[in-house]
Amino acid sequence: MMTNSQEQSVNNNQNNKHNNSQNIAVPNVISFGQLWRREWQVKQQGAVQWLYPLVLFLVIITLFPLAVGSEPQLLQRLGVAAVWIAALLSLVMGVEGLFKPALDNGTLAQLVVAKASLPLWVLIRLAIHWIFSSGIVAVLSLLAVPLFQLSWFETGILMASIIVGSPMLLMLSAVASSLTLSLKNGAVLVPLIALPMQLPVLIFATGAVDLFATGLNGLPILALLLAGSIISVLVMPWVIAQTLKMAWLN
């Protein structure tokens with residue numbers, strides 16, 4: 001027969017095992033779904049911030065035909081470049097609020113203290129920002145048909161070039177935004193840092209549409225842009241996360 005002390009030690013061991021199993025079964029980890037739902041709600045609440053770049057895009061592509069005239073050949077020749085420049089400017093103008101509010105209101109500090117995956121949070125935040133910026137801009141590029149008298153085929157290629165090239169543009173802008181996060185007037189420096197790195201994407205994208213317009217094959221250029229966007233999406237969130245963590249520590 002077991003003594004009272006032996007029974008008590010056995011019960012303690014069983015309780016310890018039960019507590020350990022509960023700790024293992026319920027880890028304190030912020031899931032992908034929680035981060036996505038939170039960032040989606042934050043984006044919807046700040047509608048004015050993401051509507052301003054879209055209005056800027058519409059203003060540029062609407063005023064451009066009025067400035068250069070109504071000659072069809074001139075509009076067709078400049079239409080692709082005008083839409084891409086408007087898309088680039090609207091994207092750059094909308095990145096100053098990507099990470100600054102999260103640093104000011106303590107969201108970034110909470111994520112670091114909770115040991116959440118900062119690269120995953122950065123990727124989710126940028127993906128939602130892309131949907132509300134470049135994703136909508138790609139749809140609005142259909143206005144190039146009545147404004148610049150482009151064909152539906154050329155406009156479709158233009159939309160495809162924006163879809164495959166804009167993720168890389170967004171990642172480059174996000175890197176510039178994270179580098180200037182701790183500066184007092186860092187938002188002014190973001191376009192100066194990001195635009196020189198984004199110009200090759202603009203040149204390749206407009207060149208691909210021009211190749212299709214002249215009957216040549218522009219698919220290799222679009223594939224190159226897509227590959228660059230995929231690499232940027234896989235690598236840049238880690239770089240941005242480390243930069244944000246350093247900015248929070250400082």
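The structure is a predicted model, in which local features need pLDDT of at least 70 and side-chain atom pairs count only at pLDDT 80 or more, while totals for chains, interfaces and linings use all residues. Residues are numbered from 1 along each chain as its sequence is written, and side-chain values use heavy atoms, with hydrogens and water left out. The protein chain holds 11 helices and zero strands, where helices (H or I, at least four residues) and strands (E, at least two) are DSSP runs numbered from the N terminus.

**The chain as a whole**

- Of the 250 residues in the protein chain, 41% are buried, a word that stands for under 20% relative accessible area, with exposed meaning over 50% and partly exposed in between (1.4 Å probe, protein chains only).
- The accessible surface of the protein chain comes to about 13,800 Å², and 67% of it belongs to carbon and sulfur atoms; such areas come from the Shrake-Rupley method with a 1.4 Å probe, and for residues only the protein chains shown count as cover.
- Among the contacts in the protein chain with a separation of 6 or more, 76% are between residues 24 or more positions apart, contact being defined as heavy atoms within 4.5 Å.

**The largest nonpolar core**

- F99, W121, L126 and I240 touch the most other members of the largest nonpolar core, which has 64 residues; a nonpolar core is a set of buried Ala, Val, Leu, Ile, Met, Phe, Trp, Tyr and Cys residues joined through side-chain atoms within 4.5 Å.
- At least two residues of this core come from each of α3 (47-68), α4 (72-93), α6 (107-113), α7, α8, α9, α10 (186-213) and α11 (219-249), and α9 gives the most, with 12 residues.
- Leaving aside neighbours within four places in sequence, F99 has contacts that include W121, V122, R125 and L126, as well as S178, I240 and L244.

**Helices α7 and α11**

- The axes of α7 and α11 come within 8 Å and cross at roughly 115°, where axes are lines fitted to C-alpha atoms, for helices over the stretch in contact, and angles run from 0 to 180 degrees between N-to-C directions.
- That angle makes α7 roughly perpendicular to α11, since angles of 65 to 115 degrees carry this label, those under 35 count as roughly parallel, those over 145 as roughly antiparallel and the rest as oblique.
- Residues that meet across this pair include W121, V122 and L126 in α7 and W238, I240 and L244 in α11.

- H129 is found in helix α7 (residues 118-140) and counts as buried at 5% relative accessibility; apart from neighbours within four places in sequence, H129 is in contact with K43, G94, V95, L98 and L170.
- R125 also has its place in helix α7 and counts as buried at 11% relative accessibility, and beyond residues up to four places away in sequence R125 touches E39, G97, L98, F99 and A102.
- S178, in helix α9, counts as buried at 2% relative accessibility, and its contacts outside four places in sequence are F99, I240, T243 and L244.
- The C-alpha atoms of S178 and V239 are separated by 9.4 Å, although these residues are 61 residues apart along the chain.

**A loop residue**

- Q149 lies in the loop between α8 (144-148) and α9 (152-179) and counts as partly exposed at 37% relative accessibility.
- Most residues other than glycine have a negative phi. The phi of Q149, a residue other than glycine, is positive, near 55°.
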